[in-house]
Structure formats: C-alpha cells, structure tokens
Amino acid sequence: MTYSNEKNPRTTYPYKLGKELTRRTNVTSGKFLDLGCGRGEYLDVFSEMGFDVTGVDLTTHMVETHKSLVIDLESENLPKEYIGQYDLIFTKSVIEHMKNPMGLINAAHEALKPGGSVVMMTPAWEYTYWGPFYCDHTHVTPWTKQSLGEALQIAGFDDVNVEYFFQLPFMWKYPSIKLLIKLFRKLPIPYTPNYNSPLPVSHWFNVLVRFSKEPMLFSIARKNNVT
C-alpha cells in the first residue's frame, strides 16, 4: 500500500540518486545488486546506465523486466551463485523494516566482490523519533550514525563512512547551501510526514520542508581486496 503507484507515483528521483551514487562510490559499471528492490525503480536506473542488475526482495510481483530473487534475508542465506559477484550493492529504506537487519548487512558483504562498495540508506532516528519514523507501521529498527557504522564494521566492511543525507537533489549539486537548509529546518513550518494528513500547501513545498527536517543516514563501505 505504502509504495503503490497511487500513493507514490514514479518520479525522476531514482535516476538522480542513481547518478549521485555512482559519483560518490566511483563505481560506474559492473554488476549491481539492489537488496529490497521493491518495484524495481533502481534496477531500471542502473540498467539504463549499463550495469548488469539483479534485485532481491520478499516478493518480486512488481518487478517484471529484470532478474530478481525472492528471499527473506532475515532468516535465509543468499544462494552460492550470488556470493562475491557484485561491484555495487544498494539498499534504501529497508533495514529499518527488519528485526534482524544483520542478515541483510552480512549478505551484502558476502555478495560483494573484493574491492566492491555498498551504499545503505535508512531514516535517521535523531530526526524522526518524534513521529515520522512510525508513520510506517512496519518500521521496527531505528538507526543512528553510530549504530549503522558499527553494524557495517561488525559485518566486516572497511572504509565505513556514515553521514546525514538530504533527499533534495539541488543540495547534491550545491552542497554549500547546507547551512541554509539547516537553518530553514528549524523554522516551525507545518508539514505532513504521512499520507493521511494533507496540508493546504503545494506538494513540492511540503517535500522541501519534510526532507529538510528529515535527513536520512547515508553510508558507504567497501569490502577490501583479498590477497
């Protein structure tokens, strides 16, 4: 329901984020794995960029045009043919839905080629604890910069970096305005973080306010080369 086309129509955001991921990781080709691929938007994006893409999810009824695997990474292991195969692994807004998120994090480490990179994105508890985090009733595991960084290190990742990330593409191009956004988010401007409380403002203004006040955690980590 949450990610239906009616409540969340497709936009150009996945394409913009995909380009930003390749810029930040410096991985521009190879095999791409989306853990928690949902309806396959990022599979479409990375396929268009020339990657060999694969998706993993609990259900793939919404993914029709790409190779996908149905598996529960909280309790199941990836098949052997997935181990050590991928140059770039991506997961967005998934680990907060898992009671055993280390299953997914460990799977990402196993599936990466030596030297490969993983990008994990999840809501920042520091900025959503007061309500927005639980607008989705399937959110069960909150994350902080410290907890996400430590989880990645426990799984065996190296070069772990976790930062706050604003889902506002113009900020990626002009990072110098981050201070203005930080000031803007302190203003008591009402906005709706859910789908049942529309406010009499434009959709795009609501997006600006919401994503100024609710940065995500953005982590990049690497799997060291095996000598």
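Below is a run of questions and answers on this predicted model.

Q: What makes up the protein, in terms of helices and strands?
A: It has eight helices and seven strands. Buried residues account for 48% of its 227 residues. The accessible surface comes to about 11,900 Å², and carbon and sulfur atoms hold 54% of that.

Q: What share of the contacts with a separation of 6 or more comes from residues 24 or more positions apart?
A: That share is 68%.

Q: Why is Glu214 called buried?
A: The cut-off for buried is under 20% relative accessible area. Glu214 comes in at 8%, so it counts as buried. You'll find Glu214 in the loop between helix H8 (203-213) and S7.

Q: What is Glu214 in contact with, leaving aside its neighbours within four places in sequence?
A: Its contacts are Tyr127, Thr128, Pro132, Tyr191 and Pro193. Another residue to look at is Ala124: it sits 90 residues from Glu214 in sequence, yet the two are 7.3 Å apart in space, C-alpha to C-alpha.

Q: What makes the link between the side chains of Glu214 and Tyr191 a polar contact?
A: A polar contact needs N or O atoms within 3.5 Å, one able to donate a hydrogen and the other to accept it. The Glu214 and Tyr191 side chains are joined at 2.7 Å, so the distance passes.

Q: What makes Glu41 and Arg39 a buried pair with a salt bridge?
A: Take the distance first: their closest N and O atoms are 3.2 Å apart, which is within the 4 Å limit, so the salt bridge stands. Glu41 is at 17% relative accessibility, under the 20% cut-off, so it is buried. Arg39, at 10%, is buried by that cut-off as well.

Q: Which buried residues does helix H2 (residues 41-48) have, and what do they pack against?
A: They are Glu41, Tyr42, Leu43, Val45 and Phe46. These pack against helix H1 (13-25), strand S1 (31-35), strand S2 (52-57) and strand S4 (86-92). Just after H2 comes Gly50, with a positive phi of about 100 degrees.

Q: How do you know that Asp87 and Lys113 form a salt bridge?
A: Their closest N and O atoms are 3.4 Å apart, and the limit is 4 Å, so they do. The pair links distant parts of the chain, with Asp87 in strand S4 and Lys113 in strand S5, 26 residues apart. Salt bridges that share partners also join Glu20, Arg23, Arg24 and Glu163 into one network.

Q: Which members of the largest nonpolar core touch the most other members?
A: Of its 32 residues, those are Val56, Leu73, Ile89 and Phe157. Helix H3 (102-111) is among the elements that each supply at least two residues, and H3 gives the most, with five. A second, separate core has 27 residues, including Val53, Leu88, Ile181 and Phe211.

Notes: Residues are numbered from 1 along each chain as its sequence is written. This is a predicted model: local features need pLDDT of at least 70, side-chain atom pairs count only at pLDDT 80 or more; totals for chains, interfaces and linings use all residues. Side-chain values use heavy atoms; hydrogens and water are left out. Helices (H or I, at least four residues) and strands (E, at least two) are DSSP runs, numbered from the N terminus. Buried means under 20% relative accessible area, exposed over 50%, partly exposed in between (1.4 Å probe, protein chains only). Contact means heavy atoms within 4.5 Å. Accessible areas come from the Shrake-Rupley method with a 1.4 Å probe; for residues, only the protein chains shown count as cover. A nonpolar core is a set of buried Ala, Val, Leu, Ile, Met, Phe, Trp, Tyr and Cys residues joined through side-chain atoms within 4.5 Å. A salt bridge is a side-chain nitrogen of Lys or Arg within 4 Å of a carboxyl oxygen of Asp or Glu.
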